[in-house]
Amino acid sequence: PSPPFPRRLVILGATGSIGDSALKVVAGHPERFTVTALAGGRNGRKLAALCARFRPQYAAVLDDAARTEFLDNLPGDYAPELLVGPEAFDRLAALDEADLILSAIVGAAGFAPTLAAARAGKMIGLANKESLVLGGHLIRAACRASGAVILPVDSEHNALFQGLAGHGRDEEIARLILTASGGPFRGKDRAFLETVTREQALAHPNWSMGAKISVDSATLLNKGLELIEACHLYGLPPDRVDVVVHPQSIVHSLVEYVDGSQLAHMGTPDMQVPIAHCLCFPERVTVDVPRLRLAEVGRLTFEAPDLDAFPCLRLAREAFDAGPSHPIVLNAINEIAVDAFLHERIGFTDIPAMIEAGLDRHAPVDVSTPEAVLALDREVRRETEARL
Ligand code: NAD
Ligand code: MG
């Protein structure tokens, strides 16, 4: 059973791109939500502005510098209960006074809070795909034990969720088809990719997103992470999840049934749409985005991904096949490599090269506990930093 309205909402990663879109949805439907907690990372000033507007009972930041910035920017007539440090996010994710947790921290830092929400039996709007890449097996088990439910915010997985409605039986589903925009470098060859800059990689043609996921979209690793995410969410093996490049980002993904029917989900590419679907599920509410007018779009095109120029998609598939510790390695190396690329310490094509070399070196280890997952993540980060 879904929680009643108004829903008591916790937003982890409130100061990010998904946080912005979520708070637009909330502002459009104030009668449906009580904002119980807002958590940011290091941007204390922005979090203070959001808290001044939405007045949550709780706020959280990552460190003391952000805490100071937060307190310096808060209006005098309001003092939320402020939590500081990584454990703060786990606590808010499991808060008794909350019904619905939006997990929108970027990267592996989202894993522990998502698991905490799953253990606490919450309704979880999941944007943080990395948490399933790190420990999908643990999060799924926690959901089964507690009754927690994951609603996928990621636009492709939200599209699949809608395409699967009423037909969840495994024997009916032939395959899932994830659409990919192809990113800013679609159609380019390896020689071109050697030369691309940070600014070019951040200029996504259709979606406005945080820096890390924008680079992931440019390398196509984002689609690789999403492939793993889809396998965990829908319990299918990777050979039943395909990827097709669709540059217009109008079709958000498709479900193919055994009778040959393919159900596509279409809409304007704006994250407010899947976020509103999750936050108000199973009800639908108005969302203030331009309506899709197919006659104005004119043409929808589709092509196969170029796995030679963009090896990350293949690497993610191989990592998932290799066992539960390989995706953790893939993700950790990627996070360090993307950060190094954003700081202009390495080139764009070094990202897949570093991931491939790291996966080749990795011998499977047991990751059946959250502690083991986090220990491997830390170890691979340390090792990757050292190699840079
Ligand atoms: P972003 O960089 O814009 O925002 C990230 C948020 O996480 C910020 O609030 C930041 O302060 C916080 N944060 C960063 N490091 C943290 C840490 N160590 N501990 C706690 N908080 C921390 O990122 P985004 O684009 O909003 O993406 C968030 C997540 O949603 C990612 O997992 C991404 O893959 C996923 N996602 C994003 C989009 C999109 O359109 N932006 C679409 C689908 C999925
Ligand atoms: Mg996506």
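User: Hi! Which residues form a nonpolar patch on the surface?
Analyst: Met266, Leu294 and Val297 do, with about 220 Å² of accessible area together. Patches are made of residues with over 30% relative accessible area and no salt bridge, with like charges joined within 9 Å and nonpolar side chains (Val, Leu, Ile, Met, Phe, Trp, Tyr) within 5 Å. Areas come from the Shrake-Rupley method with a 1.4 Å probe, and for residues only the protein chains shown count as cover. This is a predicted model, where local features need pLDDT of at least 70 and side-chain atom pairs count only at pLDDT 80 or more, while totals for chains, interfaces and linings use all residues. Residues are numbered from 1 along each chain as its sequence is written, chains are lettered from A and ligands numbered from 1 in the order written, and side-chain values use heavy atoms, leaving out hydrogens and water.

User: Where does Met266 lie?
Analyst: In strand S11, residues 262–266. Helices (H or I, at least four residues) and strands (E, at least two) are DSSP runs, numbered from the N terminus.

User: Changing topic: what are the protein donors of the magnesium ion (ligand 2)?
Analyst: Asp154 (OD), Glu156 (OE) and Glu226 (OE), lying 2.1 to 2.2 Å from the ion. Donors are N, O and S atoms within 2.8 Å of the metal (3.2 Å for Na, K and Ca); water is not among the atoms, so sites may look incomplete.

User: Are Glu156 and Glu226 buried or exposed?
Analyst: Both Glu156 and Glu226 are buried. Buried means under 20% relative accessible area, exposed over 50%, and partly exposed in between (1.4 Å probe, protein chains only).

User: Now salt bridges. How many does the structure hold?
Analyst: It holds 24. A salt bridge is a side-chain nitrogen of Lys or Arg within 4 Å of a carboxyl oxygen of Asp or Glu. One of them pairs Glu283 with Arg32, the closest N and O atoms being 2.9 Å apart.
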